[in-house]
Amino acid sequence: MRPGPEETPVLRLIGRRLLLLIPTLFGLSILLFAWVRSLPGGPATALLGDRATPEAVARVNAAYGFDKPLVEQYFTYMGKLLQGDFGTSIVTNRPVVEEFAQRFPATVELSVFAIVFAVAIGIPLGYWAARHVGRWQDDVAVVLSLLGVVVPVFFLAFLLKWLFAVKLGWLPTDGRQDPRIDATHYTDFYVWDGLITGEYDAAWDAILHLVLPGIALGTIPLAIIARITRASVLDVQNADFVRTARAKGLAPGLIRNRFILRNAMLPVTTTLGLQLGLLISGAVLTETVFAFNGIGRFLSQAIFQLDFPVLQGFIIFIALLYSLINLVVDISYGLIDPRVRVS
Amino acid sequence: MSMVIPPSPGGGPAEETVDEAVAPGGTQATTEPGADARGTSVWGAAFQRLRRNPAAIVGAAIVALFLLVAVLAPVLAPYAGTATPGMREIRPTDVPGPGELAGFPLGLDRFGGDVLSKLIWGAQASLLIGVVSTAFGLAGGMLLGLLAGMFGGWVDAVVMRVVDILLSVPHLLLAVSIAAILGQTPFAVMIAIGVAQIPIFARLLRSSMLSQRGSDYVLAAQTLGLSRRTITMSHVLPNSMGPVIVQATLTLATAVIDAAALSFLGLGGGRPETAEWGRMLTYAQAELGINPWLAFLPGLCIAITALGFTLLGESLREALDPTSRRR
């Protein structure tokens with residue numbers, strides 16, 4: 001699909017992709033609607049447990065509108081959804097949106113830490129491997145990145161927690177901040193709050209709490225980023241334009257930074273976008289191991305308690321987030337490589 | 001995406017019987033990527049390359065060991081998976097570790113179960129989950145991918161939209177949601193992991209089939225007047241299976257890890273003392289400070305098994321597509 005000369009390709013892309021979100025979310029909402037209604041014994045039984053009296057079940061059905069015809073239920077549900085009303089958590093009795101808003105910053109802080117860790121180590125590691133291709137450095141990097149993929153996230157989390165928190169006692173075992181610290185909170189971003197209020201000890205403590213879960217969460221993206229960087233640098237360093245640059249007598253450092261690295265980053269950017277989805281799944285496991293109060297841990301609690309309004313809201317929220325992230329990745333493509341105008 | 005395989009010239013349903021009759025012999029003349037001049041097939045050549053790749057040998061050895069242990073579990077394991085040969089319940093501080101109690105080389109767990117036996121039975125549980133879920137994902141994904149790749153047009157559009165919806169949720173979360181609907185049974189976990197894999201297989205088979213679309217052998221088959229179904233099923237599909245088989249091998253690794261993750265999140269049901277690696281890891285969590293090996297051993301088993309399938313899958317990919325090989 002070739003854009004007309006008068007249109008801005010990027011705007012067109014954004015428009016098209018945002019339009020595509022509508023059928024995606026619509027389809028997802030139908031699946032989720034069907035899902036809650038197909039819970040074993042119906043949602044009311046799921047809520048109250050197997051031994052609920054018929055009267056209690058009827059009361060819950062009336063309260064949640066489960067006794068209405070399915071079509072009517074669906075329209076009520078969609079209507080609320082479109083107004084941003086995801087319902088009320090069965091466990092905490094607070095609106096799902098509020099619960100998310102309160103916990104999401106924690107997951108954002110954790111994810112940012114994880115992705116910074118993954119990029120800061122993964123790209124140099126992959127680059128280092130590519131520069132020493134076929135030698136022991138390369139083998140080390142390849143084995144490390146392989147280990148990163150095959151070790152389950154929560155097992156890695158266990159190992160880190162056991163070694164650095166339980167055995168060595170260097171880092172905190174769980175939570176987001178030492179409860180003994182009397183920190184002022186304007187937002188739910190603890191590190192940020194500590195920095196803007198000047199309570200640097202609070203900020204530092206929050207950072208320390210991020211280290212282990214952040215490393216656990218960041219390891220899979222790290223491994224994948226290292227692999228992609230390695231492969232991509234190997235591809236690019238033999239490209240014609242690199243040979244031309246060498247023939248022109250450009251400084252090796254300039255060739256490395258401006259020619260090889262910049263061009264090799266294109267596949268890495270795509271991978272990074274895809275990793276963010278993995279990060280969200282990983283957060284569910286990592287936050288659970290470290291009792292880190294973000295949306296991941298909230299979700300795993302919701303699974304245990306079959307808190308379906310939360311599960312439903314979470315999945316729609318994640319799908320939306322994931323799609324938007326991928327859109328941003330596709331746009332950033334064009335920024336890195338002007339030749340790419342995604343169709 | 002428009003038509004994937006252009007209809008054969010004048011190829012209406014009425015002519016299909018005639019087309020089929022012309023087929024034998026004719027197809028032999030075309031060179032499919034499945035054979036080269038010396039008569040070794042792609043798979044034969046790939047096997048030759050695999051044998052020379054140390055990573056492939058290590059991977060295959062791990063996988064073979066895993067399969068052996070899983071299949072021979074009833075013979076190898078000293079005790080049944082849920083048996084509690086030790087005392088009924090043991091206080092975490094009194095749990096005997098590896099080598100601390102005669103007759104139980106890897107010690108006991110809190111439930112009084114023999115850790116070695118449980119690890120062996122756990123291999124069987126993992127194999128079952130891995131194979132059933134991957135078979136499910138493969139079957140579903142291939143059906144969708146085949147529909148999209150064969151018919152193109154609106155069928156392709158509809159199928160791929162569904163696949164996009166499924167892909168808009170990270171696959172572990174998809175598996176978690178499905179397992180939560182299906183209820184607390186081990187079967188639910190298998191189906192959930194399988195369904196979560198469907199979109200990946202569907203996409204892969206479709207794009208692999210699309211890349212075959214313009215091939216000379218497809219053109220030749222069309223010129224011979226073969227029906228679309230014959231071309232798709234006996235020519236395009238077999239030649240498109242390489243990436244799918246590679247993905248299936250890699251997926252076995254993910255399935256083992258995902259099954260443990262689902263178990264860790266409390267899905268899959270069954271009793272707490274069930275001999276399953278993910279379950280063992282989950283229950284070891286509480287006593288990580290006191291009895292760390294209870295977490296290390298099953299975790300190591302998961303990682304090694306995943307490593308085996310990953311090495312095998314990656315080497316298979318390199319062997320089938322020599323251009324992707326490490327330089």
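Guide: Start with a helix pair. α7(A) and α9(A) pack at about 145 degrees, and their axes are 9 Å apart. α7(A) passes α9(A) in a right-handed crossing.

Visitor: What is this model, and how are residues and chains labelled?

Guide: The model is predicted, so local features need pLDDT of at least 70 and side-chain atom pairs count only at pLDDT 80 or more, while totals for chains, interfaces and linings use all residues. Residues are numbered from 1 along each chain as its sequence is written, and chains are lettered from A and ligands numbered from 1 in the order in which they are written.

Visitor: How do I read a packed pair?

Guide: Two packed helices are described by the angle between their axes and the distance between the axes. The axes are lines fitted to C-alpha atoms, for helices over the stretch in contact, and angles run from 0 to 180 degrees between N-to-C directions. Helices are DSSP runs (H or I, at least four residues), as are strands (E, at least two), numbered from the N terminus. A crossing is left-handed if the near helix is turned anticlockwise from the far one by less than a right angle, and right-handed if clockwise.

Visitor: Which residues of α7(A) and α9(A) meet?

Guide: A contact needs C-beta atoms, placed from the backbone, within 7 Å. From α7(A) come A:Val153, A:Leu156, A:Ala157, A:Leu160, A:Lys161, A:Phe164 and A:Ala165. They meet A:Leu212, A:Pro213, A:Ile215, A:Ala216, A:Leu217, A:Thr219 and A:Ile220 in α9(A). By class, this contact has 12 nonpolar, one polar and one charged residues. Here Ala, Val, Leu, Ile, Met, Phe, Trp, Tyr, Cys and Pro count as nonpolar, Asp, Glu, Lys and Arg as charged, and the others, Gly among them, as polar.

Visitor: At what angle do α6(A) and α9(A) cross?

Guide: Roughly 140 degrees, with the axes of α6(A) and α9(A) coming within 8 Å. That makes α6(A) oblique to α9(A). Angles under 35 degrees count as roughly parallel, over 145 as roughly antiparallel, 65 to 115 as roughly perpendicular and the rest as oblique. The crossing of α6(A) and α9(A) is left-handed. Its contact residues include A:Ala141 and A:Ser145 of α6(A), and A:Ala223 and A:Arg227 of α9(A). The classes are six nonpolar, three polar and two charged.

Visitor: And a pair in chain B?

Guide: Take α7(B), residues 153–167, and α9(B), residues 186–212. Their axes come within 9 Å and cross at roughly 135 degrees. α7(B) and α9(B) are therefore oblique to each other. The crossing is left-handed. B:Val163, B:Leu166 and B:Leu167 of α7(B) make the contact with B:Ile198, B:Pro199, B:Ala202 and B:Arg203 of α9(B). Six of these residues are nonpolar, none polar and one charged.

Visitor: How do I tell buried from exposed?

Guide: Count neighbours. A residue is buried if 20 or more other C-beta atoms lie within 10 Å of its own, exposed if 12 or fewer, and partly exposed in between. B:Gln124, in helix α6 of chain B, is buried because 21 other C-beta atoms lie within 10 Å. B:Gln124 touches B:Ala70 and B:Ala73, not counting residues up to four places away in sequence. A:Ala291 is exposed, with 12 such atoms. A:Ala291 lies in the loop between α11 and α12 of chain A. A:Ala291 has a positive phi of about 45 degrees although it is not a glycine.

Visitor: How many residues of α12(A) are buried?

Guide: Eight of 11, so α12(A) is mostly covered. A:Arg297 and A:Phe298 are among the buried ones. Just after α12(A), A:Leu306 takes a positive phi of about 50 degrees.

Visitor: Where do the two chains meet?

Guide: 35 residues of chain A are in contact with 34 residues of chain B. Elements of chain A giving two or more residues include α1, α11 and α13. The chain A side has 27 nonpolar, seven polar and one charged residues.

Visitor: How confident is the prediction for chain A?

Guide: pLDDT is the predictor's confidence in each residue, from 0 to 100. Chain A averages 77, and 89% of the residues score at least 70. Among its elements, α2(A) has the lowest mean pLDDT (66) and α5(A) the highest (87). Over residues 1–6 of chain A the pLDDT is below 50.

Note on methods: Two residues are in contact if their C-beta atoms, placed from the backbone, lie within 7 Å.
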